[in-house]
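Please look over the sequence and the structure shown here before reading on. The report that follows describes spaces within the protein, the contact between two chains, and a few local features.

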Amino acid sequence: MPTDDATDLIELTREICRKDLAPRVDDAERARTFPEETFRTLGRAGLLSLPYPEEFGGADQPYEVYLQVVEEIASVWMSVAVGVSVHSLTAYPIASFGTPEQKEALLPGMLSGEQLGAYCLSEPLAGSDIASMTTRATRTDDGWSLKGTKAWISHAGHADYYTTFARTSDDGGRGLSTFVVPGHAEGLSFADPEKKMGLHCDPVAQVMFDQVRIDEGRLVGHEGEGMHIALSALDAGRLGIAAAATGLAQAALDRASEYASEREQFDRRIGDFQGLAFLLADMEAAVTSARATYLHAARLKDAGRGYSKEAAVAKLVATDAAMRVTTDAVQVLGGAGYTEDFPLERYMREAKVTQIFEGTNQIQRLVISRHLLTR
Amino acid sequence: MNIVVCVKYVPDAQAERTFNASDNTTDRDNVDGLLSELDEYAVEEALKIVEAGEGEVTVLTVGPAQAADAIKKALQMGAHKGVHVDDDAIHGSDAVATSLVLAEAIKKIGNEAPVDLVVTGMASTDGTMGVVPTMLAERLGLPAVTFASELTIDGGAGGTATIHRDGDASTQTITATLPALVSVTDQINEPRYPSFKGIMAAKKKPVEKWALADLGIDPSQVGLDAAWTKVEAFAARPPRSQGEIVPDEGDGGRKLAAFLTEHKFV
């Protein structure tokens, strides 16, 4: 921890996790309810606006610290950690590319802890290939009108605003622009939530824009700058997912270590058998290295240096680690790990999506390799 | 409205708690401590009162150096200033001596601006005696309205404090004129978490450190030697034994009822 403030912040996070999140997570994940009250608690405590400037209501914390908060939350409730990461991402375009007037008008609400954001980038036919999106924004007398369908949107139907990317010209990747759409805007509607394999408390659905009219002041950055903003935001967002995946893996490892220390077979702890001992050691190595990669990228970002490649490495390493560690943790618990009496099977289901969203791990490899190859 | 909240720094109830072998007092060195959870309700209630009107919340603790953490937590929640009475001679004090130190500290706080309300938790989570609030009220000559599950202040500083006290069969409504002492239960509110801004702000809030000499208390009045009671010995609680099994030979129901009656469960 770089400062005493950061240490206090982590302590506060742990207290809220212990008292508020831990008692609710199991039931809520089974019931598939959106933990609105939990987000309010996190918002009131100031945990939804950590990496943003104090003058607009943020806490001015470096990414290095913000990400460790995300990791702590993920080690208790992955859906909530993903929600925190998504919400933080939604304020990024305004904070980084907005005009002073826009920041003044929109950021305080986004960072107040009272609002929750959604991030509308993917479409049914435009996933990894962002530039192929078809949602279109056309000029009106006093602003813009948006039409199209976005897919895989976390907090759909629950969010107070939707940070949305749409096409403003047919010039491929150079024809995209970024908008902030109020949640109550007319013409905005939502499909039924996707029936997912995991992260059941993270409601994900399609968002339909049917001639949604917004003010001129809700275009973020320049017209045509959307692709650049999206990719830049994704670098930051990937670190959130890397940190969350690390927390998930840590939780799985902790449960596995606990079980291997207590469960006895053949008159000794199963952890004393080398087959499991080495498995646990490899899990620890995976978690520790995952943490190191996201912290390394975060420190580059905090120092104002390029970190795009490092963010992709962190996302790749941490989420692959989460998949392997959660799978092995189920193995350590044996039959018990495969039941819903223990959270390990849930961790394993939750880990899978981290290899897919915020850029699939195939895309991460593409990003990394492009940094390596000379033109 | 000036409110003093008395708080205690206690060993974390989730950790392994024990006693010092040398003098049979609570071991505070080998276990993490924190603000007694029952005192969080007192802090929350005081904050709600000043937030709804005006005034200041002073949080007061008596305890060793680490007890500063209990004050820190209350300041992070939003209390305005802290007073920490720390003196080696206080070690081992019983409830009678503790109430003396608290009373003298509150009088000293009152020298600056009169104290309108003293709020405490219903008991500590370590000693769990729950007698200090009443002793303290007696020493300060204040009405003691204790075990409040609801607290309403009417008419500000010169007004009244009305509480609800929940009994088994009825709820009493009790009103006292201010200044008064109110102890609150864990039913009265939902204590807030500190916010990150609160944590930052707490670092700049004033905390006074007082010793017995600052309060004019003779060290012989407090501490282990002055205590009216003393822990002679302690032993770990024996492991829970198996319960009594009542075999049903046609009279199982009656035996069960007899057992429950005997142990005053019904």
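Helices (H or I, at least four residues) and strands (E, at least two) are DSSP runs, numbered from the N terminus. This is a predicted model, in which local features need pLDDT of at least 70 and side-chain atom pairs count only at pLDDT 80 or more, while totals for chains, interfaces and linings use all residues. Residues are numbered from 1 along each chain as its sequence is written, chains are lettered from A and ligands numbered from 1 in the order in which they are written, and side-chain values use heavy atoms, with hydrogens and water left out.

**Spaces in the protein**

On a 1 Å grid over the protein atoms alone, a cavity is a set of points where a 1.4 Å probe fits but cannot get out, whereas a pocket is an open set with protein on both sides within 12 Å along at least five of seven lines; lining residues have an atom within 4 Å of a point. Grid points are joined across faces, edges and corners, and a volume is the space filled by probe spheres set on the points.

By this rule there is one cavity of 30 Å³ or more. The lining of the largest cavity draws at least two residues from each of helix 3 (63-74), helix 4 and helix 6 of chain A, and the residues that form this lining are Tyr63(A), Tyr66(A), Ser85(A), Ser88(A), Leu89(A), Ala236(A), Gly237(A) and Gly240(A).

For the lining classes, Ala, Val, Leu, Ile, Met, Phe, Trp, Tyr, Cys and Pro count as nonpolar, Asp, Glu, Lys and Arg as charged, and the others, Gly among them, as polar. The second largest pocket is lined by 45 residues, and those nearest its centre are Leu234(A), Phe357(A), Glu358(A), Gly359(A) and Thr360(A). Two or more residues of this lining come from each of helix 4 (78-97), strand 3 (143-154), helix 6 (226-262), helix 9 (344-354) and helix 10 (361-372) of chain A, and helix 6 of chain A gives the most, with seven residues.

| Space | Volume | Lining residues by class |
|---|---|---|
| Largest cavity | about 30 Å³ | four nonpolar, four polar, no charged |
| Second largest pocket | about 1300 Å³ | 23 nonpolar, 11 polar, 11 charged |

**Where chain A meets chain B**

Counting heavy atoms within 4.5 Å as contact, 18 residues of chain A are in contact with 14 residues of chain B. The two chains, A and B, bury about 1300 Å² between them, with 55% of it on carbon and sulfur atoms; buried area is the accessible area (1.4 Å probe) that two parts lose on being put together, summed over both. Of the area that chain A buries against chain B, 35% is supplied by Asp5(A), Asp8(A) and Lys19(A), more than by any other three residues.

A salt bridge is a side-chain nitrogen of Lys or Arg within 4 Å of a carboxyl oxygen of Asp or Glu, and the rule finds five across the interface of chain A and chain B. One joins the side chains of Asp8(A) and Lys72(B) (3.6 Å, N to O).

**Local features**

Within helix 2 of chain A, Glu36(A) and Arg40(A) lie four residues apart, about one turn of the helix, and they form a salt bridge whose closest N and O atoms are 3.4 Å apart. The peptide bond from Leu178(B) to Pro179(B) is cis, with omega near 0 degrees, and Pro179(B) lies in the loop between strand 10 (171-177) and strand 11 (180-184) of chain B.
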